[in-house]
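Here is a walk through one protein chain, from the overall fold down to single residues. Keep the coordinates open and follow along.

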Amino acid sequence: MVKNQYHPAHVPAHRVLKWGCPDGVPGIRGRLELTAPSDAGQPAGEEPARTASGALPQGLSIGELLRLPTLSAAEVLAGRSGLRRVVQRLNVMTVPDILPWVKENEFLLATGYPLPRSAAALAELVSALDARGLAALGVKLGNYIEALPRAMLQRADQLDFPIIDIPRHVGFDDILSQALTDIIDRQSAVLARAEEIHRVFMRIVLDGGGLPEITEKLSQLIEGAVVVLADDGRVLAAARLAEVAASLATAGLLGEDGRIAVGDAIVPETRVQASGDLRWALAPVLAGSMRHGRILAVEGERPLRHDVLIALERAATVIALDAAKKLAVTAVERKFQSDFLHELLSGRVRSVREVSNRATSLGWRLDRPLVVIVAELELATGDGLSDLEEQRLRARLTDGWICAVHDCDPGAAAAGFATELVAIVGATDHRDLAEAAVSLARSVAAGVARRSRRVLSFGVSRPVAAPIELATAYDQATKAMQIGRRIHGPGTVTRFDSLGVFRLLSLVDDTEELRSYAFESLGPLLLLDPAERDDLLRTLEALVECNLNVARAARRLYFHYNTLRYRITKLERLLGPFTTDPNLCLQIGLALQILRIREVLQDMPSQLRTPDAGHAAGQELAGSS
């Protein structure tokens with residue numbers, strides 16, 4: 001027999017809240033404590049009811065249920081190892097085919113009348129109830145079944161599925177009433193504790209506290225280490241992290257870069273996880289559909305049970321509210337900064353005094369040699385991002401960009417435009433301003449790379465002496481970024497002064513004139529079949545880059561010398577004697593550079609696409625041969 005005393009408070013297995021003298025976070029008038037549960041009425045070694053993900057307990061355990069007055073004389077016939085199963089609801093079996101109407105975490109009550117008569121059928125019923133996640137089966141023996149068969153009890157022991165002998169004098173309505181009352185009282189107590197915890201964290205925010213104070217208070221409440229993480233694993237705030245750093249590193253959670261990797265960043269609910277002797281809880285910080293990170297709580301002196309998880313979830317709610325408030329304020333500030341920066345870079349602000357006053361109010365230092373840095377995100381064709389996902393990605397990149405720029409130059413101006421990231425930084429090395437600008441740009445690129453795995457292409461302008469010259473510098477940086485990406489590929493840092501002849505070509509605003517020049521110089525070659533055209537273009541580029549040195553060009557192309565001589569003859573039939581005419585060679589070289597920085601082949605003039613033009617070119621080539 002299981003004899004237990006019933007506690008009217010209905011919460012012996014849970015910690016309770018009490019208020020003590022002021023302590024903890026400065027400015028907080030009370031101190032919330034999570035006290036240890038009373039051991040009265042709880043058998044040695046028995047743990048509180050286990051729960052699914054989330055902090056609120058979903059019921060009471062079978063062991064706790066048996067301490068109710070109506071079940072004080074009940075006897076556990078089998079499955080004693082499963083007394084920690086959770087009861088969320090109760091049901092009465094009135095028909096033999098009960099399986100379609102049972103639910104998970106249910107305590108099923110039955111008399112002998114609807115139960116199967118064969119031992120094998122009773123054993124199969126136990127298996128079926130366990131498979132559906134029921135907590136236990138309570139049977140009132142008597143008129144229809146005097147005793148349960150051994151096969152049924154053995155099956156229950158194998159599955160750790162409790163079977164309870166209900167005394168004959170106990171009515172099912174009394175069991176239902178007391179059990180449901182206990183469950184509701186427990187839920188009410190938990191909700192009351194949750195409300196008190198929430199008030200403590202809200203008081204911190206209302207008294208001017210922020211993320212560090214909330215983290216410190218949560219660490220005090222749960223008596224363990226607490227870390228607030230960004231989605232990429234960066235530590236935003238921490239309390240007592242040094243105490244568990246070695247354990248986290250041993251478990252493979254703490255990286256050399258200081259980031260903490262605890263599985264998927266998208267955590268929908270509070271979860272308790274373990275690795276070896278290390279146990280931790282992870283709660284998402286959500287405000288609507290926006291994720292603001294996660295809270296990691298490492299188990300310390302206090303086990304990760306209901307009260308700890310409640311405190312964790314309430315802290316996550318308050319952190320989300322604080323993050324949403326900061327985002328709203330930051331959005332307004334950034335909009336103001338972005339608008340002013342856009343006016344400055346577009347040349348609409350011409351008053352030096354106005355620029356100086358507005359820049360000073362924003363904390364920008366524009367009274368020094370300045371350089372404009374432009375970066376653009378390289379989206380892969382297979383990313384498949386929706387408009388909303390791309391918008392969020394660019395918002396996170398803007399955050400990382402501004403932080404990286406200010407880490408390198410606290411007085412810099414930085415913002416994110418529709419498709420690009422822009423910064424105005426100081427070039428303080430008077431010995432070589434241009435080289436100092438490139439070095440600073442690379443430092444910013446490294447800072448962005450630490451915060452994001454995305455590839456960015458960078459362009460750096462010439463140094464300018466006054467803010468009113470920034471519009472020209474912005475144009476230079478944009479061209480350097482665009483041309484550098486086409487020449488060197490994505491992810492490079494390109495300085496405007498390093499573009500060489502491309503710099504001169506980029507200054508020609510008449511795109512049609514450049515296209516016309518390229519087609520006048522290379523037209524017959526561009527009209528060939530694409531495969532042959534591209535092959536001969538590579539040959540021509542190698543010859544020009546090797547200064548018409550046939551032997552060196554052949555080695556670069558891995559051609560036999562005579563093979564290259566044959567190709568040169570073919571090219572001169574198309575383009576003219578460029579190997580002996582320096583002016584023609586220069587003209588062809590410039591046309592090749594135009595091809596590299598302009599999408600000429602994808603935007604050919606219509607007159608060069610006509611069949612007559614192609615036929616005429618073919619006739620001319622045939623005649624010359």
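Helices and strands here are DSSP runs, numbered from the N terminus; a helix is H or I over at least four residues, and a strand is E over at least two. With that numbering, N547 is placed in the loop between α14 (530-545) and α15 (550-557). The model is a predicted one. N547 has a positive phi of about 60 degrees, although N547 is not a glycine. L548 lies in the loop between α14 and α15 as well. Phi of L548 is also positive, near 60 degrees, and L548 is likewise a residue other than glycine. Most residues other than glycine have a negative phi. L548 has 24% relative accessibility, so it counts as partly exposed.

Now step back to the whole chain. The secondary structure comes to 18 helices and 19 strands. The chain has 625 residues, and 46% of them count as buried. Consider contacts with a separation of 6 or more: residues 24 or more positions apart account for 67% of them. The chain exposes about 30500 Å². Carbon and sulfur atoms supply 51% of that area.

How much confidence does the predictor give? The mean pLDDT of the protein chain is 78, and 81% of its residues reach 70 or more. Over residues 1-56 the pLDDT is below 50, yet this stretch has 139 contacts in the model beyond near neighbours in sequence. Residues 600-625 also stay under 50 in pLDDT. For them the model has 25 contacts beyond four places in sequence. Where pLDDT is low, the predicted coordinates should not be read in detail.

The largest nonpolar core holds 30 residues. Which of them touch the most other members? They are F201, I214, L218, I222, I295, L312 and I319. Several elements each supply at least two residues of this core: α4 (172-206), α5 (211-222), β10 (225-229), β13 (278-287), β14 (290-298) and α7 (306-345). Helix α7 gives the most, with ten residues. In soluble globular proteins, nonpolar side chains tend to be buried together. Look at L312 for detail. Leaving aside neighbours within four places in sequence, L312 is in contact with L218, T270, A281, L282, A283, I295 and A297.

Another buried position is L115. L115 sits in the loop between β7 (106-111) and α2 (119-131). L115 counts as buried because its relative accessibility is 3%, below the 20% cut-off. Beyond residues up to four places away in sequence, L115 touches M93, A110, L122, L125, V139 and I145. Y144 is 29 residues from L115 along the chain, and their C-alpha atoms are separated by 8.9 Å.

Move on to D409. Where is this residue placed? D409 is in the loop between α9 (387-408) and β16 (413-416). With a relative accessibility of 8%, D409 counts as buried. The side chain of D409 makes a polar contact with the side chain of R368, at 2.8 Å. Leaving aside neighbours within four places in sequence, D409 is in contact with R368, V425 and G426.

Helix α10 (residues 433-451) contains A445. A445 is buried, since its relative accessible area is 17%. Again leaving out neighbours within four places in sequence, A445 is in contact with F458 and V493. A375 is 70 residues from A445 along the chain, and the two C-alpha atoms are separated by 8.9 Å.

Finish with helix α11 (residues 470-488). Its 19 residues reach 26 Å from the first C-alpha to the last, close to the 27 Å expected at 1.5 Å a residue. Which residues of α11 are buried? They are L470, A473, Y474, Q476, A477, T478, K479, A480, M481, I483, G484 and I487. An α-helix has 3.6 residues a turn, so residues three or four places apart point the same way. Just after α11 comes G489, with a positive phi of about 95 degrees.

How values were computed: Residues are numbered from 1 along each chain as its sequence is written. This is a predicted model: local features need pLDDT of at least 70, side-chain atom pairs count only at pLDDT 80 or more; totals for chains, interfaces and linings use all residues. Side-chain values use heavy atoms; hydrogens and water are left out. Buried means under 20% relative accessible area, exposed over 50%, partly exposed in between (1.4 Å probe, protein chains only). A polar contact is a pair of N or O atoms within 3.5 Å; within protein, one must be able to donate a hydrogen and the other to accept it, and residues adjacent in sequence count only if both atoms are side-chain atoms. Contact means heavy atoms within 4.5 Å. pLDDT is the predictor's confidence in each residue, from 0 to 100. A nonpolar core is a set of buried Ala, Val, Leu, Ile, Met, Phe, Trp, Tyr and Cys residues joined through side-chain atoms within 4.5 Å. Accessible areas come from the Shrake-Rupley method with a 1.4 Å probe; for residues, only the protein chains shown count as cover. The expected span of a helix is 1.5 Å times one less than its number of residues.
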